[in-house]
Every structure is written in structure tokens, then in C-alpha cells.
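Please look over the chain below before reading on. The briefing takes its helices, strands and selected residues in turn.

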Amino acid sequence: MAVCEVCGNDYALSFEVHTAGDAVHVFDSIECAAHRLAPICDQCGCRILGHGSQVAGQFFCCAHCARLHGHTELADSA
């Protein structure tokens, strides 16, 4: 059993996530993994769990949020 680094739950079915930078994280749920690892939209602050967009070193959950920061070249697909 391993302890989740987000919630502290000691869980028999915990799992490890190995990141590109060779860091290893332990979580008890996908929710905790997303809370710790998912990027945050620079406009609205939500966790980006889908594709999102990255422009000029900033992360956005959608083209609307990117446009609010002046990145008018982005468009959401319909």
C-alpha cells in the first residue's frame, strides 16, 4: 500500500505516475492525479483535462479564454 501525495489516503490500489522529468508521484485516484498534475488555465483557473491550448508559454482551457488574453489566432472546433 502507498500513501496518496494529495489526500494522504493509504490505499491498496494506489498507483504511480512517472513524468517526463523523471519524477514519480503516487495517487489513490485519477481525481488526485489531475489535481496535482493537470495544468491550470491562465484565464479562468480551471484544470485543463482535455486538449487545451498553449500559446506564448501560457495554458488555456479553450480558445475563448486565450482570446481574452489577446491570442485571437485560436479557434475552438465545432
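In helix α1 (residues 30–37), the residues C32, A33 and A34 are buried; buried means under 20% relative accessible area, exposed means over 50%, and partly exposed lies in between (1.4 Å probe, protein chains only). Helices (H or I, at least four residues) and strands (E, at least two) are DSSP runs, numbered from the N terminus. The cover over the buried residues of α1 includes β3 and β4, where contact means heavy atoms within 4.5 Å. This is a predicted model, in which local features need pLDDT of at least 70 and side-chain atom pairs count only at pLDDT 80 or more, while totals for chains, interfaces and linings use all residues. Residues are numbered from 1 along each chain as its sequence is written, and side-chain values use heavy atoms, with hydrogens and water left out.

**Confidence**

- The mean pLDDT of the chain is 92, and 97% of the residues score at least 70; pLDDT is the predictor's confidence in each residue, from 0 to 100.
- Within the chain, confidence is highest in β4, at 98, and lowest in strand β5 (residues 53–55), at a mean of 89.

**The hairpin of β3 and β4**

- Strand β3 (residues 15–18) pairs with strand β4 (residues 24–27) in the antiparallel sense, over four bridges; two strands pair if DSSP finds at least two bridges between them.
- Five residues lie between the two strands of this hairpin.
- D22 is found in the loop between β3 and β4, and its phi is near 70°, a positive value in a residue other than glycine.
- D22 is exposed, with a relative accessible area of 72%.
- In β4, the residue opposite F15 is F27.

**The aromatic pair**

- The count comes to one aromatic pair. The rule is that rings of Phe, Tyr and Trp (its six-membered ring) pair if their centres lie within 6.5 Å; planes under 30 degrees apart count as stacked, over 60 as edge-to-face and the rest as tilted.
- The ring centres of F15 and F27 are 6.3 Å apart and their planes are at 50°, so the pair is tilted.
- F15 in strand β3 and F27 in strand β4 are twelve residues apart, and their pair links distant parts of the chain.
- F15 is partly exposed, at a relative accessible area of 27%, whereas F27 is buried, at 0%.

**The salt bridge**

- A search of the whole structure finds one salt bridge, defined as a side-chain nitrogen of Lys or Arg within 4 Å of a carboxyl oxygen of Asp or Glu.
- This salt bridge joins the side chains of E5 and R36 (3.0 Å, N to O).
- E5 lies in the loop between β1 (2–3) and β2 (10–11) and R36 lies in helix α1, so the pair ties together parts that are 31 residues apart in sequence.
- E5 is partly exposed, with a relative accessible area of 30%, and R36 is partly exposed too, with 39%.

**Cysteines**

- How many disulfides does a search of the whole structure find? The search finds zero, where a disulfide is a pair of cysteine sulfur atoms within 2.5 Å.
- For C41, the closest cysteine sulfur is in C44, 3.8 Å away, which is too far for a bond. C41 is buried, with a relative accessible area of 3%.
- For C65, the closest cysteine sulfur is in C61, 3.8 Å away, again too far for a bond.
- C65 lies in helix α2 (residues 63–68) and counts as buried at 5% relative accessibility.
- Leaving aside neighbours within four places in sequence, C65 is in contact with C41, Q43, C44 and F60.
- C65 and A34 are 31 residues apart in sequence, and 20 Å apart in space from C-alpha to C-alpha.

- H71 is in the segment after α2. Is H71 buried or exposed? H71 counts as buried, at 13% relative accessibility.
- Not counting residues up to four places away in sequence, H71 touches V55, A56, Q58, F60 and A66.
- A56 is in the loop between β5 and β6 (58–60), and counts as exposed at 70% relative accessibility.
- A56 has a positive phi of about 50°, although A56 is not a glycine.
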